[in-house]
Amino acid sequence: MGTTKKYWKGLEELNATPQFTERADREFPQELTVDQFLADDKLKESSTGRRDFLKFLGFSVAAATLAACEAPVINAVPYVVKPEEITPGVANWYASSYYDGYSYASILVKTREGRPIHVKGNRDHGFTKGSVNPQIVASVLSLYDGERLKGPHTSGAETNWTSIDSEIIKGLNKAQSDGKKIVLLSSTVISPTAQDVIGQFSAKFGGAVPMMNVAPAVVPADAPEGEVENSAVSDNADSASNNKVEHIQYDAVSYNGIREANLATFGKRIIPSYNFAAAKVIVSIGADFLNSWLLPTEFTTQYLLNRNPDGAFMSRHFQFEANMSLTGSNSDMRGMLKPSEYGKALAFLHKEIAGSAVADVDTSSLSEDTVAKLKMAAEELKANKGTSLLISGSNRKSHQVVVNAINIALNNYISSINLNEEINLFVSEDAKMDRLVKEMNDKKVGAVIIWDTNPAYSYAGSEAFKAALANVGLTVSMSRYADESASLCTYIAPDHHALEAWADFNPKTSHYSLAQPTIRPLHNTRGSVESLMIWSGQATHVGPDSTNVHDRIQQNWEQYGFAQQTEYLDFFSYWNAHVHNSCGSMEIKAPSVWPFNADLAAAGKDMASVVGSDWEISLYQKASLGIGLQAGNPWLQEMPDPITKVTWDNYVTMSPADMEEMGLSLEVGQESPSSVVTVKVGEKELTLPVYPQPGQTPKTIGIALGYGRGEGGQKIGRSAYHTDFFGKHESGNNDGRRSIGANAFIIAANGILELNADSITKTNDVYNLACTQTHSTVMGRNSIVKETTLEIYKSQPKSAYNHSHMLHSGWNHDEKHINEFNLWDEHPIEHVGHRWAMTIDLNSCIGCGSCVIACQSENNVPVVGKDEVRRGRDMHWLRLDRYYASDVEPTVGTKDDAKFDEGGFAALEIPSDNPKVIHMPMLCQHCNHAPCETVCPVAATTHSNEGLNQMTYNRCIGTRYCANNCPYKVRRFNWFNYPSYRKFVEVNPAQDDLGRMVLNPDVVVRTRGVMEKCSFCVQKIQAGKLEAKKQDRKVVDGDVTTACSDVCPTNAITFGDWNDTESMVRKSSQEDRAYQVLEEVGTKPNIWYKVKVRNDHNEALASIQVAHEAGHGEETVESGPTQEGHGDETHEEAHH
Amino acid sequence: MHKESAIREPLILGHKTYHDITEDVCRSIEGKAPKAWYIMLGIAMLVGLYGVGCICYLLGTGIGTWGLNKTVEWAWDITNFVWWVGIGHAGTLISAVLLLFRQRWRMAINRSAEAMTIFAVFMAGLFPLIHMGRLWVGYWVMPIPNQFGSLWVNFNSPLLWDVFAISTYLSVSLVFWYIGLIPDFATIRDRAKSPVAKKAYSILSFGWSGRAKHWNRFEIVSLVLAGLATPLVFSVHSIVSFDFATSVIPGWHTTIFPPYFVAGAVFSGFAMVQTLLLILRKGMKLEAYIHTKHVEYMNIVIMVTGSIVGVAYLTELFISWYSGVEYESYAFINRATGPYWWAYWSMMTCNVISPQLMWIRKLRRSLLFTFFISIVVNIGMWFERFVIIVTSIHRDYLPSAWSMFYPTWVDIGIFIGTLGLFFSFYLLFARYFPVLAISELKTILKISGESYKNGTAPGHNDHH
């Protein structure tokens, strides 16, 4: 139907005025000057014809096209519709929780323009109180790993979710109809929602929820959520095996021993929570609780609470162990034991404390030194009944039974151990896995779904497992990688990375937390919980923006959590608060003593059955790789081990004396390759280089777990494999790549990490280890590290343990503090504006390495690979120096002159057999009289008026003079173009598009040939100042932090404005323990270190430090008004 | 005309006339080069090209192709730089200082010594350039107006002083050398037969006509330049030593460095002059002009400067102990007994012991022994710089950062390459430039010529 309506734009049109009609057809109101332009008659004579014109046109287009080709492509796409919460240039922080089946922590995730780029601990919420470990910090990089699966796979070929889902459901139904078992094999699931989904999954395929047969008494009556504890099925293992669907939780490192012991002694198969903060005396037999044992994120914070020498008390920590562990290196007293002696030590303690011997255990073979230390430990434990703690790292039930007995005798179950507050991690039952293999071989299993666990790598009987898996009709993996186990499965339904998914957790009885996605899934992956929901008909697949899991979690929290609380009136404010904080707070149950009923005789019998051999092995987990979950993460691979300082490798640690006896190379250096040995355990063999480890119990060796990932060349991340000199992957098995290190899990039978070696034989091979620190001792230099004992600290004046350097000047030989002598004019930074400063408490620093990774993440520090590290070119801006004491030093850095006269420097270079250890973070000291600044010919490094030593990358011409002249050797040079040179293709994340997403846009990626170093996170300083300015107030503590101080689990690093007299850093720097490294060089750093105080008896040290004080007491003069506030002490330089 | 004491040894042996001098010097330029010259030049150029290749690889890939690390950030690069600068010292000392002291024996050696200086300084200058991480912005060390606003160079930095010192030294030495060459180029020009050579040498000789006015100006300019160059002889190496002396690194931070470096430089420079001249006089049959007495004089210089260097080494040791600074004393204990003990003792043997043998007259007049010692001294002086640079920084304050240095093939290739380039230049110089100062030699012929001194020259008496 036509219309008669007339539309018009103006009255002129409506009226059709003559002017309008005249102009209507003309687009431009004024005449164009084209005619004028073309009026030149000469043009008519032009010979350019149509064809010529087309030629010219063609040429021009071609030329323009070619020129356009050379323009760089800049992948900066602006938002079409800008998300409301994102402001370009401003970071968003999201609270979340981290759980990978191994570590748990409450975290904060920093995102920029929608990309997560940094992870740190959440100090405000959650029981981990901001504590993290390097693996958690580095997990953000694994998100951008290019070898993560990008979609579902069937038999190695990419497929889509619809078809994989239908095939898996068909397979599950078939298994069900065949009357075969469906097994869900996972690591410990602490997610209530996942447990709920698994329950319904079981109900669907098994006809009944398998957890129904759990004794109700085991479930805490007031549990806020209705899910039944999976951990409680152990006593019904046989009945559970008859179910159609079984959920087997298998942990690579098992804590079965503790659970079994508690079942035997208290009737509960639980892991209690421990409170290190409540213990005045801590005795650990082989438990590396600051690094890997159970829940180190929580224990570290607790432990450090009472390590302050100025606090109400300082705990005393005894560590007895075979390897030099991170925990052992921080202990006050450390005894060396063989793994086979762990039981004896416990029996000895039991006799000393409870009075009765543990039957059958012969403690007479313990060495004199050990006995003395054990006696001392026992005395101290007894003296502190009710405020002490004994723990054991052993996974033997018998050991843990004796530990329980001693703790009962010490009355610790009312304080430091809480049986009512369980740790829900590590519910693995060692026997179940063996049974599964058997059932698979018996063809009783119709389907296996592997989730978040990797038994083909980490299970001691991995070969048997792999063979048995072939008998299973339906094999499904929900792994993020086509790893050792997943690559054996027909179907891989890849899970999201943890930062892409919703999850909830129940790590401890009264702690519930949430994990929220911080980025839309990068690939076509799907959360495992959702997969289970879909396969059991609880949901349907809807693609990447699915809210299935989110809705389910919300539903559960509404049903259980919200219903139990009274604080919030409506669910959404409850929910939003919990998402905001990532966790909810529940009342923690008070500890109480449970009826104790241990069979010590049986325990003794079992303990006595552990007989050592010529060589004993203690397997351990490194701070960097742990159990190898992130073996493809280059940050972690390049992180120096806190103790050995070796990167990118797995090795055997052995005591230097044993190595000498075996004729192994004791040198570790660029061109000093290590000897290689073959360790034989039964049929299994491991061939690894040997590292000389002071403090290693003689005749024992340590080997780290977590290496040897991807031995079949599986795609688990490019950095999990050796590269050659040119950066190409070396070839390994099956034409694949050569994995780094050897897999030590294969020798760990039954979850026991302490075992006997049949033989250790030297091979003719040599192998280069890449070590960031090759010199072990501090050479008695006590202006670098300072250490004292609690007794001396409490009883002596500052000058005894923290002297200052004085110089004599003028005719009268006036003593003046060294800081009063200046070659240069002062920078005008004092009392004007800000002066950024830092204090580092050597007493708090445990050397975990989280700061190293946080700094790398925040500042885009390149990864350089093993070969470059070996050449001494690691790029870490912040490094952790580890010093051992030598026999000449009663403690690290203090020289015994009498012994020195005897042994000289040669004796100073060799660490003691069981040395004291100090960890020292070393970074740019931001000297106010910086030696680097004066020597730069082009003024590329200068001093800011806020006290920062600034590095201007684009002014640097790369003479490296500054680095040479730095007394602290903290400057790092870009030897190559790390973001593009071929040598770093496989290791440096900045070399591929996905990896580049982790880069912090606030920090430039440095080019080849320039110097770089710690900037005190100047980008964060600027951001903090801006924030304060916007709020129209002064910068206060907490506005500005550095990545290292922010992430430090022990709060060892304090950062702030020194000119603010109220700031923590100012106060901290004026404490008696504060000193500046190499004060006598006159660099006037903006970093103060604080003397390490060890809570032990050290007669030799006391005689030096106290005598020193007595000899100088009368010389004490009041020194001038020095800025650092030291001054009531005196020391002549000549004494050093 | 001067009269020289009869007991002084003559400086020109046998009977030579003015024409003989011209002939002897120009023979190599005008005649055909011997096969040996081509072989030597071929080898030197090949080695030099290999060095150039290594430099290209270095510039294309990065400083990481050297063996440096986070602790030892200078090693062979700066060792080679200081070594070459040191060698570059002798020439100007000979031509300027000895000119002011009126040492006539210098006339036979100054030309080639100056050439050596120039080439050595070229080689030396190469290292600070290529050792930069970003050579392409190296011009920022120049205090030139720039587009960066008020951004200026850092006048506190000894590296900047180096830039000025080396460039001044190079330009003055070059001018001085060239001025001396002008009359001799004119001689060659006048004798040249091929039109190409004639054209080339006439350009090189700047229209020299030999007029009295020219000679007058020539003398004045030489004197003025000698006066200018003399302080430079002392300043250049003093300033080079400031690179180390002004730092805070134990073993570098030493006030004795300036005189010690200058003495060391003269020491090594003379040794290199000996090495080159002993080959040159043989190859070009100049035994009459450069003979035992010249060698002996230079050996005495080597002995004296070697002794100064030895005293400096011992002073350093004493001071490190006397200072009571633990880092300082450890630095020297480490030099002597640490992992680089072999470098230290090579240095001590080559530089302290070997020159003392020159006290024996027979040895210092032995050409073969001199040649041997001259090479030993240069090896020793290379080690001296290596010891100062590497052993000081490889173990400085914080033992956690202690490290070793291992050279790569690129380090070695570039060093060998500069030797090749240096000898290539020197061989070309020997072929196309007058290797002795013709005009200057002529001025002493009748004073110090053997036949004139002992009266055997024909018509000798006519001159008086």
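Modeller: Happy to! Helix 6 (residues 134-143) of chain A packs against helix 27 (residues 850-858) of chain A at an angle of about 20°, and their axes are 8 Å apart. Axes here are lines fitted to C-alpha atoms, for helices over the stretch in contact, with angles running from 0 to 180 degrees between N-to-C directions. Helices (H or I, at least four residues) and strands (E, at least two) are DSSP runs numbered from the N terminus. Helix 6 and helix 27 of chain A are therefore roughly parallel to each other; angles under 35 degrees count as roughly parallel, over 145 as roughly antiparallel, 65 to 115 as roughly perpendicular and the rest as oblique. Their crossing is left-handed, a term for a near helix turned anticlockwise from the far one by less than a right angle, clockwise being right-handed.

Helix 6 of chain A brings A:Pro134, A:Val137, A:Ala138 and A:Val140 to the contact, and helix 27 of chain A brings A:Ser850, A:Ile853, A:Ala854 and A:Ser857; contact means heavy atoms within 4.5 Å. Six of these contact residues are nonpolar, two polar and none charged, where Ala, Val, Leu, Ile, Met, Phe, Trp, Tyr, Cys and Pro count as nonpolar, Asp, Glu, Lys and Arg as charged, and the others, Gly among them, as polar.

Please bear in mind that this is a predicted model, in which local features need pLDDT of at least 70 and side-chain atom pairs count only at pLDDT 80 or more, while totals for chains, interfaces and linings use all residues. Residues are numbered from 1 along each chain as its sequence is written, chains are lettered from A and ligands numbered from 1 in the order written, and side-chain values use heavy atoms, leaving out hydrogens and water.

Elsewhere in chain A, A:Arg870 forms a salt bridge with A:Glu671, their closest N and O atoms being 3.5 Å apart. A:Arg870 lies in helix 28 (residues 865-870) of chain A and A:Glu671 in the loop between helix 24 (656-662) and strand 23 (674-681) of chain A, so the pair ties together parts 199 residues apart in sequence. A salt bridge is a side-chain nitrogen of Lys or Arg within 4 Å of a carboxyl oxygen of Asp or Glu.

Chain A also meets chain B: 70 residues of chain A are in contact with 63 residues of chain B. Across that interface the rule finds four salt bridges. The side chains of B:Asp396 and A:Lys969 meet in a salt bridge at 2.8 Å, N to O.
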